[in-house]
Amino acid sequence: MSDTETANRLPTAEEEARFWGLVEAAWQRLGPEAAALRRALLTRDPAADDDSASALDTWRDAFLDQLGQLCADLSSPDLTDLDRVVERKLYDIDRADVHAVIDGSDDGFLYGRGHVVALGREFYEAVRADPTRAVPDGHLQGICYLFAHLHDQRFGDWPRTGSGISRESFSNPAGWAEQ
């Protein structure tokens, strides 16, 4: 595809399904304890004062390692497609109402959104529909650029997603329209 053909390119349904499938497969490799903690975060009472944010801290690196292993042999186009998906997911929840729950500086808010994405499709969709479902102080930096880093390691450059957006915090004008 030429640059013109990929300008403002959205992820396809197949690319999104592959991304979410890889996220789930990485978590499944970690076993029932990690699964139970993810379920507890999804079903918790957002108004309750609990220590949910740190529940998965010990699993972050293992999750990212598993996800990286699952993607180790992917092609440049495949890694680019996955990077485009994570970029779009981070962008779509770059919103003032989500920030009100997650909080954080530019980087802190990005990593908080990474936490939302890393917890999987069900958690992501719950937060997207109701930002109070997000976990204050949750963060997972590594997923924000995982596929870009893998692409760089294997092919010597960052993928060109052609999306025309940025995953960086406060870059989605629609999410900050009332500010």
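Predicted model: local features only at pLDDT ≥ 70, side-chain atom pairs only at ≥ 80, totals over all residues.
Residues are numbered from 1 along each chain as its sequence is written, and side-chain values use heavy atoms, with hydrogens and water left out.

Back to our pair. Helix α3 covers residues 32–43 and helix α8 covers residues 121–129; they pack at about 15°, with axes 10 Å apart. Helices here are DSSP runs (H or I, at least four residues), numbered from the N terminus. The axes are lines fitted to C-alpha atoms over the stretch in contact, with angles from 0 to 180 degrees between N-to-C directions. On the α3 side, Arg39, Leu41 and Leu42 meet Glu122, Phe123 and Ala126 of α8, where contact means heavy atoms within 4.5 Å. That contact divides into 4 nonpolar, no polar and 2 charged residues.

Now, which way do α5 and α9 run relative to each other? They are roughly antiparallel, since the axes of α5 (residues 76–92) and α9 (residues 146–155) cross at roughly 160° and come within 8 Å. From α5, Leu79, Leu82 and Val86 are among the residues that meet α9, whose partners include Phe147, Leu150 and Phe155. By class, this contact has 7 nonpolar, 3 polar and 1 charged residues.

The structure holds 1 cavity of 30 Å³ or more, and the largest cavity has a volume of about 40 Å³. A cavity is a set of points on a 1 Å grid where a 1.4 Å probe fits but cannot get out, and lining residues have an atom within 4 Å of a point. Who lines it? Trp27, Leu56, Asp57, Arg60, His115, Leu119 and Leu140 line the largest cavity.

Terms used
Helix = DSSP H or I, 4+ residues; strand = E, 2+ residues; numbered from the N terminus. Nonpolar A, V, L, I, M, F, W, Y, C, P; charged D, E, K, R; others polar. 1 Å grid on protein atoms, 1.4 Å probe; cavity = no way out; pocket = protein on both sides within 12 Å on 5 of 7 lines; lining within 4 Å. Points joined across faces, edges and corners; volume = space filled by probe spheres on them. Parallel < 35°, antiparallel > 145°, perpendicular 65-115°, else oblique.
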